[in-house]
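Biologist: I am new to this structure. Please take me through one part of it closely, then show me what else stands out.

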Amino acid sequence: LKDRLAAAVTQSRAAYTEIRVERTWSSAVAFRGRRLETATVSEDQGGFVRALNKGCGWGIAAFTSLDELPAMVARADELSRAIRLDEPIRLADATPQTADAVLDLDGDVRGVSLAEKKKLLDRYNGAMLAVSDRIVDTQSSYRDEVSEVWYVNSEGAAIYQLRPEVVISGTAIGRRDGTIEKGLESIGLRKGWNTVQQFDNQFRIVAQRAVDLLDAPRVKGGAYPVILDNELAGVFIHEAFGHLSEADFVYENPQAREMMTLGRRFGKPVLNVGDNGAAAGLRGTLPYDDEGTPTQDTPLIKEGVLVGRLHSRETAAKLGERPTGNARAISFRHPPIVRMTNTYIAPGKPGAGFKELIGDIKLGVYACGAFGGQTMLENFSFTAGWGYMIRDGQLAELVKDVVLAGNLFQTLDRIDHIAGDFTWNQMGGGCGKGGQFPLPVTEGAPHVRIEEALIGGDV
Amino acid sequence: MIERLLERARGKVDGADALWRREEQTAVAFESGRLKAAGIAEEAGLNLRVLSHGRMGVAGTTAATPDPDALVARARASADLGEVVDLAFPAASTGPLPPIPTFFDRTANASLDDLIRMGRMLVERLSRPDCQINVAVEREIAETAVGNSAGARGEYRATGIAVTADVTRIVGDDVLMVYDQYVGADMPGDTDLEMLVRSVETRLTAALKVVTPPEGALPVVFTPAGLAAVVLPLEQALSGKTVLQGSSPLAGKVGAMLFDQRLSIEDDPLTPGRPASRPIDDECVPSRCTALVERGAVGRFVYDLETAARAKTQSTGNGRRGVFGKPHIGYTNILFRMLDGGGRHGLPLSAPTPELGGGLLRDIADGLVVDDLIGVGQGNVISGAFSHPVGLAYRVQRGEITGRVKDAAVAGNAYDLLKQIGGFGNDGRWLGSRWSPSLLLDGVSVARR
């Protein structure tokens with residue numbers, strides 16, 4: 001196939017042409033309550049061509065019928081020529097890579113029967129339902145895939161990647177009369193069958209939490225000192241800062257560039273942030289991005305100061321910086337855009353734990369787990385799964401509906417303590433941007449303390 | 001393709017239904033005011049569901065030349081693990097399908113240059129020295145065919161166009177994002193584009209000044225865009241699936257007066273000119289309108305074939321399916337109907353964009369207009385509770401907008417707030433597949449730093 005794609009690229013009239021072809025084998029099992037929803041095996045395949053001519057724009061063609069490849073190459077070239085630009089699009093120089101990158105399948109999911117996958121999910125789903133008769137509903141899903149991606153471009157790059165993925169998630173719905181609460185567990189790994197066998201306890205815990213939340217009061221709205229657990233701290237850094245470090249937001253916008261000038265201070269010296277697409281075995285990990293650039297560990301904030309950003313070849317050229325391997329597409333249906341991979345807050349002082357963070361808080365909130373987050377760049381939300389009040393340096397009652405309102409310039413700067421207990425969150429779900437969702441990403445963080453953050457609720 | 005597939009399934013399974021869909025998209029993107037990319041996407045896929053020994057199974061493929069036997073075999077393997085379902089596929093309808101225009105030649109025939117011209121006009125109209133503007137124009141042409149082993153067949157073509165304008169204004173450390181779009185099956189007319197421009201300009205102008213947010217339980221006007229957080233819990237709770245599962249707070253409440261008696265909500269797949277409209281659903285059930293909320297009372301829940309069979313009722317024609325996976329419940333067009341003194345407000349206004357707040361601000365001493373919230377859909381939605389930072393919101397003082405507020409969060413419970421609606425705005429409009437006016441809701445919690 002690589003040779004066929006290389007031949008198609010050679011035929012192209014465009015100054016620059018790239019072709020990506022994907023073939024994805026996947027299986028999925030889902031339960032709703034005690035009932036099986038589906039158990040299916042699917043195969044999806046298609047191609048993507050992007051062409052660029054001098055003084056012209058991008059021409060793009062995405063298709064499921066691979067027989068059409070030569071016609072689609074010609075079409076992408078035509079579309080590129082239909083757009084005239086005064087200021088040409090440039091791509092940062094790159095050494096064309098040729099490689100076969102086969103990630104560890106760790107138990108090839110293609111060799112496991114659908115019946116066995118159903119049995120595994122039935123076990124986890126059953127673990128949630130068994131917790132209490134107040135668990136009235138569950139939504140459990142198992143999904144795996146093995147994706148083969150071929151990438152060639154007219155500069156000579158030729159890359160084959162084999163990317164596995166497995167995601168298990170469960171939502172437990174607890175109900176007492178009109179009160180309804182939920183607990184959510186989600187595990188996502190760029191690995192295989194062997195890695196998802198031992199999560200019974202996690203599923204029991206989330207179901208128990210849904211039951212416990214039935215008796216919990218809503219958090220009172222206002223500004224509090226807040227401690228984020230590892231999972232929510234990860235979502236926080238993704239929303240609070242990760243999206244702003246994506247250079248496609250700043251590269252065409254002089255005001256945004258000024259706001260995000262390298263060297264600007266965003267936090268106290270305890271704060272170190274980065275994005276590492278090359279970290280081993282994580283869901284956001286990939287050897288090469290969807291422009292054929294090798295991934296890397298990119299420091300973004302060093303001791304509170306902005307030191308880097310995430311790039312595609314186009315944004316890097318425009319800003320005179322180097323590509324970082326962050327051009328990603330969720331599938332052949334989409335062009336690569338600047339995205340995060342595995343984004344992290346680096347651990348603070350080794351040995352510094354939760355105790356050091358909570359000790360001097362008189363009234364505050366310990367916000368745990370994550371239902372999600374969203375950003376409008378300066379302002380963002382991050383939604384905890386549950387929380388505890390902190391009273392006089394101690395954890396107090398369980399509270400629900402804990403949603404934090406963040407501000408890029410205020411919230412990051414108010415991070416005053418970072419623990420040493422770093423973990424990667426192996427979450428399912430994914431990140432959405434520009435109509436591309438869900439992109440597999442991972443977040444990692446230790447416990448983090450924010451001196452003051454706004455929490456919504458009755459006041 | 002459907003015919004051949006059902007033919008191959010015959011004798012091997014008890015029954016089957018299938019959907020074939022081909023989509024063709026053309027898109028142009030202006031980034032920071034410059035046309036940067038043009039693209040096409042073509043995709044075709046086939047989805048098959050079978051009943052085999054009373055059990056349900058599904059399979060799908062995007063292969064260019066699908067092998068029907070392989071697809072049937074995969075669906076049967078899926079059914080081997082499936083649940084027993086007492087599902088009856090609808091028979092061929094006796095009359096013609098409801099006549100609903102879904103295909104507009106103007107949209108289908110629009111050239112790349114037509115799309116570019118439209119985008120360029122918006123860029124020119126919305127350009128301001130301190131703003132960056134992104135515009136996207138996306139046109140879709142789709143063909144759908146559905147059929148089942150009971151002899152029902154349906155086929156239709158559809159067009160859709162989305163024009164999106166997105167303005168970002170950064171001054172110092174203040175980031176303002178204003179966004180709006182036109183979505184329709186037919187091409188936007190000059191009036192539609194003019195409304196889009198004015199909508200963005202109005203909200204941008206009112207946002208230039210930043211003021212301190214208020215605090216407390218306050219009157220809040222939710223614009224059609226800001227209303228999403230309040231509508232989402234109802235959409236989940238009115239789904240026959242959550243009712244069956246016991247997780248809907250509306251289960252067992254059909255006929256109960258839970259909402260303001262002037263409020264009616266419908267799901268209507270037969271609304272002319274909307275991309276979500278269709279003559280038949282993805283399971284061969286002819287389309288019809290469903291009253292979800294009727295004059296404040298809980299109306300009918302929406303069902304697909306499977307949930308209807310389990311609930312021992314009829315499908316409401318809300319079956320939706322993709323290439324992979326099994327059919328599920330999906331809404332089509334959701335319309336808010338306000339009953340004021342017995343009269344029915346008409347459909348889309350073609351008048352110029354009304355003022356922000358839909359004429360509901362007059363009696364507000366201190367409150368907010370909420371146009372966008374951040375993180376909608378990410379909490380414990382079905383409970384009705386919501387809590388979100390504001391994305392775009394304005395303070396109202398003594399009946400007038402005094403500026404934009406930042407760093408504030410609004411919270412409440414949709415069920416409590418919709419019991420008594422303070423007022424329906426005169427600014428009813430489409431937003432994606434939902435038509436609603438602004439609503440004034442009282443007692444919304446506003447927290448600030």
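Biologist: Is A:Asp106 buried, partly exposed or exposed, and what is its relative accessible area?

Modeller: Keep in mind that this is a predicted model. A:Asp106 has a relative accessible area of 23%. Buried would need a value under 20%, and exposed one over 50%. A:Asp106 is therefore partly exposed. Look next at where A:Asp106 sits. It is in a loop of chain A, between β4 (98–102) and α3 (114–129). Its backbone deserves a look too. Phi of A:Asp106 is near 45 degrees, which is a positive value in a residue other than glycine.

B:Ser32 lies in the loop of chain B that runs between β1 (15–31) and β2 (34–52). With a relative accessible area of 21%, B:Ser32 is partly exposed.

Back in chain A, there is another backbone feature. The peptide bond between A:Phe437 and A:Pro438 is cis, with omega about -5 degrees. A:Pro438 belongs to strand β24, residues 436–439 of chain A.

Now the helices of chain B. Helix α1 (residues 2–9) packs with helix α2 (residues 68–81) at an angle of about 55 degrees, and their axes are 9 Å apart. Roughly parallel would need an angle under 35 degrees, and roughly perpendicular one of 65 to 115. So α1(B) is oblique to α2(B). Their crossing is right-handed. Which residues meet there? From α1(B) come B:Arg4, B:Leu5, B:Arg8 and B:Ala9. From α2(B) come B:Pro68, B:Asp69, B:Leu71 and B:Val72. By class, this contact has five nonpolar residues, three charged ones and no polar ones.

The largest nonpolar core has 111 residues. Those with the most contacts inside it are A:Ile19, A:Tyr142, A:Val196 and B:Val28. Take B:Val28 and set aside its neighbours within four places in sequence. B:Val28 is then in contact with B:Leu35, B:Ala37 and B:Ala38, among others. Its partners also include B:Leu112, B:Leu115 and B:Ile116. B:Val135, B:Ala136 and B:Val137 are in contact with B:Val28 as well. Another core, of 54 residues, lies apart from the largest one. Among its residues are A:Ala240, A:Val338, A:Ile345 and A:Leu412.

Note on methods: Residues numbered from 1 in each chain as written. Chains lettered and ligands numbered in written order. Predicted model: local features only at pLDDT ≥ 70, side-chain atom pairs only at ≥ 80, totals over all residues. Heavy atoms only, no water. Helix = DSSP H or I, 4+ residues; strand = E, 2+ residues; numbered from the N terminus. Buried < 20%, exposed > 50% of the residue type's maximum accessible area, 1.4 Å probe, protein only. Axes fitted to C-alpha atoms, helices over the stretch in contact; angles between N-to-C directions. Parallel < 35°, antiparallel > 145°, perpendicular 65-115°, else oblique. Left-handed = near helix turned anticlockwise from the far one by under 90°. Contact = heavy atoms within 4.5 Å. Nonpolar A, V, L, I, M, F, W, Y, C, P; charged D, E, K, R; others polar. Core = buried A, V, L, I, M, F, W, Y, C linked by side-chain atoms within 4.5 Å.
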